[in-house]
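Good morning, and thank you for making time for this presentation. I shall take the structure one region at a time, and I ask that you follow along on the display.

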Amino acid sequence: MNYLALYRQMLEIRRTEEHLAKAHQAGMIPGACHTYVGQEAIATGVCAHLTHDDAVFSTHRGHGHALAKGVPPREVMAELFGRVTGCSRGRGGSMHLFAPEVGMMGTSGIVGPCILQATGAGYSARLLNKGTVGVAFFGDGASNNGAFHEGLNLAAIWDLPVIFVCENNLYATEVPFSYATRNTDMAERASTYGMNAVSVDGNDVLAVYAAAGEGIRRARAGEGPTFLDCKTYRTRAHAEGMPSLGTYRTQEELDAWKARDPITTYRAHLVSEGIASEDEFAQIEREVVAMVEESFEFAKSSPYPDPATVAEHVYSDG
Amino acid sequence: MRELTFTAAAREALTEEMARDPSIFVVGEGIGQRGGNFNTTSGLYDLYGPMRLRDTPIVERGFIGMCTGAAMTGTRPIVDFMFVDFILDAMGELINQVAKIQYMSSGRLKMPLILRGSIGITGASATHHSGSYFPMFVNIPGFRVVVPTNAYDAKGLFKTALRGDDPVIFLEHKSLLNSKAQVPEEEYFIPFGQAAVVREGSAATVVAVGSMVRKALEACDALAAEGIAIEVIDPRTLAPLDIPTILASVHKTGRLLIMDETFQPCGIGAEIAAQVVAQGFDDLDAPIMRLNGVYTPTPYSPPLEAAVIPNPTQVLQAIRDLLAE
Ligand SMILES: Cc1ncc(C[n+]2csc(CCOP(=O)(O)OP(=O)(O)O)c2C)c(N)n1
Ligand SMILES: [Mg+2]
């Protein structure tokens, strides 16, 4: 169990997102930017168990998933800046991050399909006896979409090695989950499809790590899919440029969740348990900041794609 | 040479390719032991078992999305959708995901996903079992759209689809499924983007799509008796579309009629006409004409259904009108 690796990963996501938010304010990101700030423990705790052969499918809030799966921050940043060095070579942007080399099979501007595609990765794993898993990350909002119900059902009836990671941050844009469904018990909704479903504190990286580890172990052992209902909160606006509070949530609620920040609480936990020292954290902070700053410079100074390549890759032959 | 039906020829292609490539699997409703509503997979379940002949619940969006993910992770899924009308439930998956993944991933992911099943107006199938919709698919960058019209083409084109890395929408007109043609025992492939000149002639060019090929040929028989030789072209694949073959024919004949059972606006005929005007204007001796099905949902009652699709009299008249221009 590498406690500091989890810490470093969460911090890398946080510092990258903070840089991206500033870059967005500065007009350096031509398109949308949904940050993962506040939810870092989930991608970190899940992806710590994955190899590059395991396939992750994500959604509009996907920077953290890409980073935790092993996409270098410089490639994520460059993609958001629209540069040819980005992980999608400038064809994708924030909501279409692809890095199949490391098993990052894409984020999606459409809410829902990742659930089905991860199920398909599970199907490939079974058919080819790969021993790998498919993982879908999605929000509470996706749980009211047909893809959720269709994907969970298919994975369950065929015992596919799939991990469904629901990041229940209480809102879909500005719509409370309690408005959007009569049954707000996400794990119960999933378990009606006959699968292993557990609720977990999504701001506690060790809790996510443990629950994901057990689900992935089961999946690899042929014991079928697992659903993780991760309760969390996004502490920035739905998307950069939108109001942080809006009309849908209160300062008190935001403050209460900020007090449960997954990074600072984890750090306090490691210190109080004597697992790591403040010196070690300071060292990690310096390294992560240096890496993110280097990534930012790399992205900023990277060239744009050549317009002459615009129609390449529509088909497999070029 | 032996004769096979369209369905048997396509099934033979599938059987051969499944034996060769263990990453191919088929999903659909009733395609397992039952062998498919149109016998597309009969006998295959016994050969390849449930993982590769996967019966699904009635969840078109779900299994198409699932197969999208499977195609991204090393397998070659075939969706046997029965009627194309059913996959309208999955248009978001098809257009936003299947067609775009290769592009979005800058070519680092492939999308070897085949969607195959029936199209077309016939047999009082009524409006939820009579669609074709290929103009919609042709409009989307990323799809290959294949419309075979005989057993020989069905096998050769299906083999090509099964070896490629692009998503293929393979559309089988219901009125052709039992039609027979000579199919060699030896393996062969028909490349995409290669139209067939199914009848040579000099008086006019008819491009016919899907079920209209046979109707065009029948009309041409009648005209041949009058000494009029019409050239008939079957594009076979609508994306990619073989414009050079059509242009070469128009260069010879100076006249062009495009026949398609589906509606006119934004259809394949409009596309062909626009390209021929742009590239072959000087060859044209007459306005380009189109003959299409009526712009309406498909009615059930046989006399109404018959009124929707071009009938032999209309086909013959359309060619005569073109010749009279
Ligand atoms: C099919 C679809 N409908 C609507 C949208 C617009 N949209 C983008 S994000 C979002 C909210 C998603 O909420 P949730 O799934 O809870 O994820 P979160 O943003 O909270 O992480 C919506 C409605 C979309 N991207 N896709
Ligand atoms: Mg949400």
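**A walk through the model**

Thr205(B) has a relative accessibility of 0% and therefore counts as buried. Before I continue, please bear in mind that this is a predicted model. Thr205(B) belongs to strand β10 of chain B, which covers residues 204-208. Which residues does Thr205(B) touch, leaving aside those up to four places away in sequence? The contacts are Glu231(B), Ile233(B), Ser249(B), Val250(B), Thr253(B), Arg255(B), Leu256(B), Leu257(B) and Leu322(B). One further pair deserves mention: Thr205(B) and Ile258(B) are 53 residues apart in sequence, yet 8.4 Å apart in space from C-alpha to C-alpha.

Let me now step back to the chain as a whole. Chain B is divided into domain 1, residues 2-183, and domain 2, residues 196-324. To the contact between them, domain 1 of chain B gives 25 residues and domain 2 of chain B gives 24 residues. The centres of these two domains, taken over C-alpha atoms, are separated by 27 Å.

What are its partners? Strand β4 of chain B, residues 76-83, pairs with β5(B) in the parallel sense over 5 bridges.

Next, some backbone details in chain B. As background, most residues other than glycine have a negative phi, and most peptide bonds are trans. Ser106(B) has a positive phi, near 50°. This serine is found in the loop between α5 (101-104) and β5 of chain B. Is Ser106(B) buried or exposed? With a relative accessible area of 9%, Ser106(B) is buried. Cys266(B) also has a positive phi, near 60°, and lies in the loop between β13 (256-260) and α10 (268-280) of chain B. Cys266(B), however, is exposed, with a relative accessible area of 71%. Finally, the peptide bond from Ala239(B) to Pro240(B) is cis, its omega being near 0°. Pro240(B) sits in the loop between β12 (237-239) and α9 (243-253) of chain B.

I now move to chain A and its helices. Helix α5 of chain A, residues 113-127, has 15 residues and reaches 21 Å from its first C-alpha to its last, close to the 21 Å expected at 1.5 Å a residue. Of its 15 residues, 14 are buried, so α5(A) is largely enclosed by the rest of the structure. Just after α5(A), Asn129(A) adopts a positive phi of about 50°.

Helix α9 of chain A, residues 205-220, has 16 residues and reaches 22 Å between its first and last C-alpha, close to the 22 Å expected. Its buried residues include Val205(A), Val208(A), Ala212(A), Ile216(A) and Ala219(A). Against what do the buried residues of α9(A) pack? They pack against α1 (3-25), α2 (40-47), β3 (162-168), β6 (196-201), β7 (226-231) and α11 (262-272) of chain A.

Then there is the metal site. Which residues coordinate the magnesium ion, ligand 2? The donors are Asp140(A) through OD, Asn169(A) through OD1 and Tyr171(A) through O, at 2.0 to 2.1 Å. In sequence, these donor residues are spaced D-x28-N-x1-Y. Both Asn169(A) and Tyr171(A) are buried.

In soluble globular proteins, nonpolar side chains tend to be buried together. The largest nonpolar core here has 81 residues, of which Phe138(A), Phe164(A) and Phe227(A) touch the most other members. This core also draws at least three residues from each of domain 1 and domain 2 of chain B. Apart from it lies another core, of 55 residues, including Leu6(A), Tyr7(A), Leu20(A) and Tyr266(A). As for Phe227(A), its contacts beyond four places in sequence include Phe138(A), Phe148(A), Leu152(A), Phe164(A) and Met186(A).

How values were computed. Residues numbered from 1 in each chain as written. Chains lettered and ligands numbered in written order. Predicted model: local features only at pLDDT ≥ 70, side-chain atom pairs only at ≥ 80, totals over all residues. Heavy atoms only, no water. Core = buried A, V, L, I, M, F, W, Y, C linked by side-chain atoms within 4.5 Å. Buried < 20%, exposed > 50% of the residue type's maximum accessible area, 1.4 Å probe, protein only. Domains from an automatic or database assignment. Contact = heavy atoms within 4.5 Å. Donors = N, O, S within 2.8 Å, 3.2 Å for Na, K, Ca; no water. Helix = DSSP H or I, 4+ residues; strand = E, 2+ residues; numbered from the N terminus. Expected span 1.5 Å × (residues − 1). Pairing = 2+ DSSP bridges.
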